[in-house]
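Look at the sequence and the fold, then read on by topic.

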Amino acid sequence: MGVVKYVGRTDFAPGIWLGMELRNPKGKHDGQIGGRRYFQTKMNHGVMIRPKMASVHGINGEELLKPETEYPF
């Protein structure tokens, strides 16, 4: 489980990615990848995953992710 801290394109791979802050230190970084800061979290609490790998729940079932074409970059 975690909190979405970043949604968008990255320098390291094409497509849209989710930057997640994990509750426990089971991540790979602190939100910085390849010298670029995507979000801020404690060391080893951050991961980047594809949106299809996440189950995103908003308040009252709100749609939280936009179609990929709506993200700039």
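Asn44 counts as partly exposed, at 34% relative accessibility. Here buried means under 20% relative accessible area, exposed means over 50%, and partly exposed lies in between (1.4 Å probe, protein chains only). Asn44 sits in the loop between S4 and S5. Its phi is positive, about 65°, although Asn44 is not a glycine. Most residues other than glycine have a negative phi.

**Basis of the model**

- This is a predicted model: local features need pLDDT of at least 70, side-chain atom pairs count only at pLDDT 80 or more, and totals for chains, interfaces and linings use all residues.
- Residues are numbered from 1 along each chain as its sequence is written, and side-chain values use heavy atoms, with hydrogens and water left out.
- The mean pLDDT of the protein is 87, and 81% of its residues reach 70 or more; pLDDT is the predictor's confidence in each residue, from 0 to 100.
- Confidence is lowest in S1, at a mean of 92, and highest in S4, at 98.

**The sheet**

- Strands (E, at least two residues) are DSSP runs, numbered from the N terminus.
- Three strands form an open sheet in the order S1-S2-S5, with antiparallel pairing.
- S1 and S5 are the edge strands, and each pairs on one side only.
- From one strand to the next, the twist averages 25°; axes are lines fitted to C-alpha atoms, and angles run from 0 to 180 degrees between N-to-C directions.
- Two strands pair if DSSP finds at least two bridges between them.
- S1 and S2 are antiparallel and share seven bridges.
- Val4 stands opposite Met20 in S2.
- The hairpin of S1 and S2 has six residues between the strands, and Gly15 there takes a positive phi near 90°.
- S2 and S5 also run antiparallel, joined by four bridges.
- Gly19 has Met48 in S5 as its bridge partner.
- Six of the seven residues of S2 are buried, so S2 is largely enclosed by the rest of the structure.

**Aromatic pairs**

- Rings of Phe, Tyr and Trp (its six-membered ring) pair if their centres lie within 6.5 Å; planes under 30 degrees apart count as stacked, over 60 as edge-to-face and the rest as tilted.
- The count by this rule is three aromatic pairs.
- Tyr6 and Tyr38 are edge-to-face, because their ring centres are 5.2 Å apart and their planes stand at 70°.
- Tyr6 lies in strand S1 (residues 2-9) and Tyr38 in the loop between strand S4 (36-37) and strand S5 (46-49), so this pair ties together parts that are 32 residues apart in sequence.
- Both partners are buried: Tyr6 has a relative accessible area of 15%, and Tyr38 has 8% relative accessibility.
- Phe12 and Tyr38 also form an edge-to-face pair, 6.1 Å centre to centre with 85° between the planes.
- Phe12 is partly exposed, with a relative accessible area of 37%.
- Ring pairs join Tyr6, Phe12, Trp17 and Tyr38 into a cluster.

**The nonpolar core**

- A nonpolar core is a set of buried Ala, Val, Leu, Ile, Met, Phe, Trp, Tyr and Cys residues joined through side-chain atoms within 4.5 Å.
- The largest one has six residues: Tyr6, Ala13, Trp17, Tyr38, Phe39 and Met48.
- Contact means heavy atoms within 4.5 Å.
- Leaving aside neighbours within four places in sequence, Met48 is in contact with residues including Tyr6, Phe12, Trp17, Ile33, Tyr38 and Phe39.

**Around Gln32**

- Gln32 belongs to strand S3 (residues 32-33).
- Gln32 is partly exposed, with a relative accessible area of 36%.
- Beyond its neighbours within four places in sequence, Gln32 is in contact with Arg37 and Phe39.
- Gln32 and Gly19 are 13 residues apart in sequence, and their C-alpha atoms are 9.9 Å apart in space.
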